[in-house]
Amino acid sequence: MNRRRFAVYCASAGLAGTLFPEALTAVAHDRQEITVDMIASAEKIAGLVFTEAERESMVKILDSLGKTYDYIRTIELGNSVPPALVFNPALPGMKFPAERKPFHMSPVTVKKPARIEDAAYYPVTHLAKLIETRQVTSTDLTNMYLSRLKKYDPILHCVVTLTEELALRQAKKADEEIAAGKYRGILHGIPYGIKDLFAVRGYRTTWGSEAFKDRIIDMDATVVTRLTEAGAVLIAKLATGAFASGENWFGGKTRNPWKPDEGSSGSSAGPGSATAAGLVGFAVGTETRGSIAGPSERCGVTGLRPTFGRISRYGAMALSWSMDKVGPLCRTAEDCAVVFNALYGPDGFDHDVVDLPFNWNSSLDASSLRVGYVRAEFEGTVESVENRARTNMKFNNDTLDVLRSLGVKLVPMELPECPADMVYLILFTEGAAAFDFTNPGMSDMVESSGERLKRYPAYHLVPAVDYIQANRARTHAMKAMEAVMADIDAYVTPTFVGPTNWLTNITGHPEVIVPHGFNERGCPVSISFVGRLYDEATLLALARTYQNATGFHLKHPSL
């Protein structure tokens, strides 16, 4: 048999979405008998070739499967229902440290500014010290950030819903607890915003979609619950591109504070924009294939995309169950460590989450690290979006010089190939299930405004066998990545240059994005550090050391 060629399949997928959904619906409703000619036509869509005898033997089986499809489609499977399959980025035999150690934050000395608004761009670590030493109250900070959100959101379009009543109530409680000597820790009283994919009891959760602009999910996502337990103050639900795609949502396009005529990238568009503009102390977003990296780079903030399976996604919109990840967008790497420390670990709801420690030590000696780099990426000879590799080549090589000056041992390396088409096959096939417009559990999806998500109908026709084969190919990529990482502690790469974003989102490796310069338009450009599985502590410590040596993260836009 002539098995499918991957490129042919991908090229034909768009045609499938155009030709087949109506025909399949007719078969389902009219119980039209499957014919050999139908199978022959379907082969062209799937990039397969069967013999006439094989087609004839398939007819009865496919006809009986139609009844199974009909049955499954009567079961209400909303977006919140995960598949029984679990993705684990760790290969068999891999061992990870299990000892839990104290959280060691760097020492902070800070005085209350003359105007409270001058603290808008302070990192969490400094805001926390002001609150802990009772130089300012949580209510002071909350009112300041609420005022800035109201002032600048008309320019940036980064807010879906202000949670003002909740925020003032939480801030008052934090102030009372701290005054009574009950200090919960670094996030106690810190105002933050969250991407509007997470459910918050009593407030709408829109997923950036006009279809759900008034929808309230009566629960708190695990991320919200854990931040509440840490004493943090939720002041806003921040914009996401519609259904976690891009920077456009029903309220418009979320803007880049450095250049408001540009978008902030997506889909964690609001968290990136609001954090960069000093409208929140920190924010929480999600990434499937670049939704933390993109806004972090465009807006010049520090973003952490943790290892897959580190933070629960319970109460969050699903896009791809085997690729979705939750992470913080902050002003510093250490802030990311603080927020991550409050969020990681099992909750009993998200079965993909592992129980492994995060042992943050801000005093890690970077000179003890071996850090890889792909030479071609720093020579500007690899293909990249907007020719970033060549345009930002000086910034990229300056980063290598800084790392050398810190005593880091730089090691040239190569990354395994990872075709973007393979990533899309997995992501969009899972997305087609997550947003299955044929299922009664998603019957409130609206089609009139084009929000059926036009890419997904085609992926309803991906053969189950080929989806599984793509995940087997994923195992190959995971093994190749493990071979690369075995000899280094991390590697450095220009953000969105080379295969890193495709590759590490499919293998589950963590990434930290930090600003490393400003281009001729005055906008930030970013560098990424990628680490070993579940080793966010080393990765963030390396990023923190780099930030302390450069200071690009201390700059902020003038609004």
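**Salt bridges and a pocket**

Analyst: Let's start with a network of salt bridges, which links Glu43, Glu52 and Arg55. Keep in mind that this is a predicted model.

User: How many salt bridges does the count come to?
Analyst: The count comes to 29 salt bridges.

User: Why would side chains pair up like that?
Analyst: Side chains of opposite charge can pair when their charged atoms come close.

User: OK, give me one in a helix. What does Glu165 meet in a salt bridge?
Analyst: Glu165 meets Arg169, side chain to side chain, at 4.0 Å from N to O. Both sit in helix α6, residues 164-179. They are 4 residues apart, so about one helical turn separates them.

User: Is Glu165 buried or exposed?
Analyst: Glu165 is exposed, because its relative accessibility is 61% and the cut-off for exposed is over 50%.

User: Now strands. Which residue pairs with Arg305 in a salt bridge?
Analyst: That's Glu287. The side chains of Glu287 and Arg305 form a salt bridge at 3.1 Å, N to O. Arg305 belongs to strand β9 (residues 302-305) and Glu287 to strand β8 (residues 282-287), so the pair ties together parts 18 residues apart in sequence.

User: Are Arg305 and Glu287 buried or exposed?
Analyst: Buried, both Arg305 and Glu287.

User: What about loops? Where do Asp352 and Arg313 lie?
Analyst: First, the contact: the side chains of Asp352 and Arg313 make a salt bridge at 2.5 Å, N to O. Asp352 is in the loop between α10 (333-343) and β11 (370-373), and Arg313 is in the loop between β9 and β10 (325-330). So this pair ties together parts that are 39 residues apart in sequence.

User: And is Asp352 buried or exposed?
Analyst: Asp352 is buried, at 11% relative accessibility. Arg313 is buried too, with a relative accessible area of 14%. The cut-off for buried is under 20%.

User: Switching topic. What volume does the second largest pocket have?
Analyst: The second largest pocket has a volume of about 750 Å³. It is lined by 37 residues. Closest to its centre are Arg289, Gly290, Tyr424, Phe496 and Asn501.

User: Which helices supply at least two residues of its lining?
Analyst: α9 (293-299), α14 (420-434) and α17 (500-507) each supply at least two.

User: How does the lining of that pocket split by class?
Analyst: The lining of the second largest pocket has 15 nonpolar, 13 polar and 9 charged residues.

Technical notes. Residues are numbered from 1 along each chain as its sequence is written. This is a predicted model: local features need pLDDT of at least 70, side-chain atom pairs count only at pLDDT 80 or more; totals for chains, interfaces and linings use all residues. Side-chain values use heavy atoms; hydrogens and water are left out. On a 1 Å grid over the protein atoms alone, a cavity is a set of points where a 1.4 Å probe fits but cannot get out, and a pocket is an open set with protein on both sides within 12 Å along at least five of seven lines; lining residues have an atom within 4 Å of a point. Grid points are joined across faces, edges and corners, and a volume is the space filled by probe spheres set on the points. Ala, Val, Leu, Ile, Met, Phe, Trp, Tyr, Cys and Pro count as nonpolar, Asp, Glu, Lys and Arg as charged, and the others, Gly among them, as polar. Buried means under 20% relative accessible area, exposed over 50%, partly exposed in between (1.4 Å probe, protein chains only).
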